[in-house]
Amino acid sequence: MNKAIVIGAAGGTGAAVTEELIRRGIPVIAFGRSLRKLSRLAEQLGNPAALTLATGDAFSADEVEAASKEGDVLFHCANVPYQDMAERLLPLGEAVMEAANRLRLKVVVMDGIYPYGRRQSEWVSESHPKEPHTRKGRIRLMYGQMIFDRRWEHARPLIVRLPDYYGPSANQASYLGSTMEAVAAGKPALFIGNMHVPREYVYLPDAAKMTVELALRDDAYGEEWNLPGGGEITGSDIVRIARLASGVSKPVIPLGRIGLSLLGLFVPAMKEVVEMLYLTKEPLRLSGEKYARRIGPIAATSYEEGITATIGRLKGASSASQPIRFKSISPGNTK
C-alpha cells in the first residue's frame, strides 16, 4: 500500500482507520465534508506529515475521484443517518465505487451485521445465511450486493463486517458511543436495549488494526470478512467499568421500544433504532475463524482496558482538548 484514501475520515471508523494507517507510516488522504472536523482529526493525530486533508462530497464520484488519484487503496468509512438509509446509502456506495472503478483502486468497505438477520447458529461466520427481516437489513444486503457488482470490473473491493463498536472516536456513531460520552462527561446517560443481555462489541482500534491487515493482503479482496469483538458483556458491566473510569456514578437509563419511540419524536434516528432492537435481545456473535486462519490473531482488547481507555480519552478531550491517541492492541481469542 503506497497511499490510502479514507472516505469519511472524521467519523467513528474512519478516524480509527486513519490513525492505524498513520501509525504504520502509510501516507493517508483524509476525505470528508467538513474541513473543521478533518483539521481537528489532524490535530488529534499530531498533524503528521503523512496526512493530507481533502474536502468534498462523497456522493459525487467526480469529487471522490479527484481526491483519490494519488491513492491505491480506498477505505470507504462514510455512512448515512438511520433515517436516510433507504434513500441515500446505495447512491453513496455507488459514487464511491464508480470513482474507485475509474482509478482501478482496491476498496475496503466498512459495514455491519444487519444483512444476516436473526442468527441461525451460535457463531456467525461469513457463510451464515443472509436473510434480513428488517428494512435496514434488506437495504444493507442490497448495498453489499452492489459493492460486488460485476459492473465494477476495474475496482477490487472487500467488505469488513463489525458488530456494534466503541472507542475514543465512536462518539454518537454507535449505540454505545453516546453512552460513553455522557458517562465520561459525568452526566446521566441512555443505554439502548436490555442492560442484562450479554452482547458483543468491538474496540475500534482493534477493528482498525485488523482492517488494515486485510487491506495489505492481496488475497483478501473479493471477499467478506467478519471481525469479532472482545467477547460478550452486559450493559450493566459496561456501565460499571465506565463509572469506575470516570469517577462519577450518574444514572444510566435503558431504552426499549417505548422509550425509543418517544425519544424519536424529537430525535428521528432514535425512532429508526426500534426495528433493530432484536439485536439487543437475540445478539449475534461473529466468528473470527476465517480471519485467524488466513490473516493472523484476532485483536481483542479486554473490555476493562478498552472502556477505561475510552473514558479516559473522552474526559481528556472534553476537559483539555488534548489529542486522542489510540493505544496498541493485544491479540485475543479466535472465535
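Tutor: Start with confidence. The chain has a mean pLDDT (the predictor's confidence in each residue, from 0 to 100) of 91, and 94% of its residues reach 70 or more. This is a predicted model, in which local features need pLDDT of at least 70 and side-chain atom pairs count only at pLDDT 80 or more, while totals for chains, interfaces and linings use all residues. Residues are numbered from 1 along each chain as its sequence is written, and side-chain values use heavy atoms, with hydrogens and water left out.

One stretch needs caution. Over residues 319-335, pLDDT stays under 50. The model still has 53 contacts (heavy atoms within 4.5 Å) beyond four places in sequence for this stretch. Where pLDDT is low, predicted coordinates should not be read in detail.

Now the sheet. It is open and has seven strands, ordered β3-β2-β1-β4-β5-β6-β11. The pairing is parallel. Helices (H or I, at least four residues) and strands (E, at least two) are DSSP runs, numbered from the N terminus. Two strands pair if DSSP finds at least two bridges between them. The edges are held by β3 (51-55) and β11 (224-226). Each has a single partner strand, so one side of each is left without a neighbour in the sheet. Neighbouring strands are turned by 20° against each other on average, direction ignored. Axes here are lines fitted to C-alpha atoms, for helices over the stretch in contact; angles run from 0 to 180 degrees between N-to-C directions.

Two helices that pack on this sheet matter here. Helix α2 (residues 35-44) touches β2 (28-32) and β3. The direction of α2 makes about 170° with that of β3. Helix α4 (residues 85-103) touches β1, β4, β5 (106-111) and β6 (156-161). The direction of α4 makes about 175° with that of β4.

Zoom in on β1. The order of the sheet places β1 between β2 and β4. On the β2 side, four bridges join the parallel strands. Ala 4 has Val 28 of β2 as its bridge partner. On the β4 side, four bridges link β1 (residues 4-7) to β4 (residues 73-76), again in parallel. There, Ile 5 is partnered by Leu 74.

Both faces of β1 are covered. Ala 4 and Val 6 lie on one side, Ile 5 and Ile 7 on the other, and all are buried. Buried means under 20% relative accessible area, exposed over 50%, partly exposed in between (1.4 Å probe, protein chains only).

Lys 3 has a relative accessible area of 17%, so it counts as buried. Pro 27, Ile 29, Glu 70, Gly 71, Asp 72 and Val 73 touch Lys 3, leaving aside residues up to four places away in sequence.

Step across to β4. Val 73 and Phe 75 point one way, Leu 74 and His 76 the other, and all are buried. Four bridges pair β4 with β5 in the parallel sense. Phe 75 faces Val 108 in β5 as its opposite number.

Leu 74 ties several of these pieces together by contact. Among the residues touching it are Ile 5, Ile 7, Val 64, Val 96, Leu 105, Val 107 and Val 108. Leu 74 also belongs to the largest nonpolar core, which has 46 residues. Such a core is a set of buried Ala, Val, Leu, Ile, Met, Phe, Trp, Tyr and Cys residues joined through side-chain atoms within 4.5 Å. Ile 7, Phe 31, Leu 74 and Leu 260 have the most contacts inside this core. Elements supplying at least two core residues each include β1, β2, α3 (61-68), α4 and β5. The largest share, seven residues, comes from α4. A second, separate core of 43 residues includes Ile 22, Leu 41, Leu 158 and Ile 298.

Finally, check two loops. Asn 47 lies between α2 and β3. Asn 47 has a positive phi of about 50° although it is not a glycine. It is exposed at 52% relative accessibility. Arg 104 lies in the loop between α4 and β5. Its phi is near 60°, also positive in a residue other than glycine. Arg 104 is exposed, with a relative accessible area of 58%.
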